[in-house]
Amino acid sequence: MDCTTCSFNKQCRETEVCPATSFDRDEVIGKYSEETVIVQAAAALVDAGRAGTLSRLQETIAFARQMNYKRIGLAYCYGMEQQVQQIADVFRENNLNIRAVSCTVGGIPQNEVNPASEYCTVSCNPIGQAMQLNHHKVDLVIMIGLCMGHDILFQREIKADCTTLVVKDRMFNHAPLNGLLQQKS
Ligand code: SF4
């Protein structure tokens, strides 16, 4: 399947199953029926004309409230610490309990994380970051600027629900679509 070069006249958008589909539709609907709380919390962010009225940060707070999450973990890149302090303040102002863990947690040198590295300065430690947040029993983790690849390791280890607030893009001020626009021009 390649929906970007659709051969079926985008019939899914008219609520029809196209011939390239390889899953059982009823099975999928059954799975959604087991996730009504999160489905409805997500819908509440955009239904009734609300779509486009909230920033991602506002959406994250509204979602956390809707889901009744009590303890929020921030898994962040140390290079964004100033912004993370501001983000943490916003969450606290909204009565959410914060645990913030830097990617440098544990102080492990780069050559211990990666045997091919010659560097002995501190490494990002996404596995330790996830373990620390698992220890704090957070209900929701918000990833802020984790490096490509480290985000994958983090998500393999974390046991809580997990969402991304900031995706790292060192060239385009953490807005990857801006890179796409530059490629087109
Ligand atoms: S009709 Fe099928 S191939 Fe086309 S966009 Fe929808 S799912 Fe993708």
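## Basis and burial

A residue is called buried if 20 or more other C-beta atoms lie within 10 Å of its own, with C-beta atoms placed from the backbone. By this criterion, 17% of the 185 residues of the chain are buried.

The model is predicted: local features need pLDDT of at least 70 and side-chain atom pairs count only at pLDDT 80 or more, whereas totals for chains, interfaces and linings use all residues. Numbering starts from 1 along each chain as its sequence is written.

## Overall fold

The chain contains eight helices and four strands, where helices are DSSP runs of H or I with at least four residues and strands are runs of E with at least two. Their order along the sequence is α-α-α-β-α-β-α-α-β-α-β-α. Along the principal axes, the C-alpha atoms fill a box of roughly 55 × 40 × 35 Å.

## Domains

An automatic or database assignment gives domain 1 (21–53) and domain 2 (56–184). Their C-alpha centres lie 25 Å apart.

Five residues of domain 1 are in contact with five residues of domain 2, contact being C-beta atoms, placed from the backbone, within 7 Å. On the side of domain 1 that touches domain 2 there are five nonpolar, no polar and no charged residues. Here Ala, Val, Leu, Ile, Met, Phe, Trp, Tyr, Cys and Pro count as nonpolar, Asp, Glu, Lys and Arg as charged, and the others, Gly among them, as polar.

## Ligand surroundings

Around the ligand are Met1, Cys3, Cys6, Phe8, Lys10, Gln11, Cys12, Cys18 and Ala20, each with its C-beta atom, placed from the backbone, within 6 Å of the ligand. This shell divides into seven nonpolar residues, one polar and one charged.

Terms used: Buried ≥ 20, exposed ≤ 12 C-beta atoms within 10 Å, placed from the backbone. Contact = placed C-beta atoms within 7 Å.
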